[in-house]
Amino acid sequence: MSKMMDDSIKLWTAKRKTALVIEIIQGKTTVSEASRSFDLTPSEIEGWVEDAKRGMENSLRANPLDIREQYEKQLRDL
């Protein structure tokens, strides 16, 4: 894992979550390895991965949804 991921005492800021999600997507670590290393639940990390995928999908749209529209669409889809 990268040097940034070594200190598990740090707060899980958006920047730090992003770095971990990128490592998972790139195959540098797995959800289960990260879960054990950082004392997080696999479902918590998987949620970050899903949030990241939705964010990427939205940012690549021709007309990205604003945050409010995005949450309203998610609620309708449920």
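## Arg-54 and Asp-51 in H3

Arg-54 and Asp-51 sit 3 residues apart in helix H3, about one turn of the helix. (Helices here are DSSP runs of H or I, at least four residues, numbered from the N terminus.) Their side chains meet in a salt bridge, 2.4 Å from N to O; the term covers a side-chain nitrogen of Lys or Arg within 4 Å of a carboxyl oxygen of Asp or Glu. Arg-54 is partly exposed at 34% relative accessibility, and so is Asp-51 at 44%. For that label, buried is under 20% relative accessible area, exposed is over 50% and partly exposed is in between, with a 1.4 Å probe and protein chains only.

All of this comes from a predicted model, where local features need pLDDT of at least 70, side-chain atom pairs count only at pLDDT 80 or more, and totals for chains, interfaces and linings use all residues. Residues are numbered from 1 along each chain as its sequence is written, and side-chain values use heavy atoms, with hydrogens and water left out.

## The other salt bridges

The count comes to 3 salt bridges. Lys-53 pairs with Glu-50, with the closest N and O atoms 3.8 Å apart. These two are 3 residues apart in helix H3, so about one helical turn separates them. Lys-53 is partly exposed, with a relative accessible area of 42%, and Glu-50 is partly exposed too, at 40%.

Over in helix H4 (residues 67-77), Lys-73 and Asp-77 are 4 residues apart, again about one turn. Their side chains meet at 2.8 Å, N to O. Lys-73 is partly exposed at 33%, while Asp-77 counts as exposed at 55%.

## How H2 meets H3

Helix H2 (residues 31-38) packs against helix H3 (residues 42-59) at about 120°, with the axes 9 Å apart. The axes are lines fitted to C-alpha atoms over the stretch in contact, and angles run from 0 to 180 degrees between N-to-C directions. That makes the pair oblique, the label left over once angles under 35 degrees (roughly parallel), over 145 (roughly antiparallel) and 65 to 115 (roughly perpendicular) are taken out.

On the H2 side the contact (heavy atoms within 4.5 Å) involves Val-31, Ala-34 and Ser-35, and on the H3 side Pro-42, Ile-45 and Glu-46.

## Asp-39 in the loop

Between H2 and H3 there's a loop, and Asp-39 lies in it. Its phi is near 55°, a positive value in a residue other than glycine. Most residues other than glycine have a negative phi. Asp-39 counts as exposed, at 73% relative accessibility.
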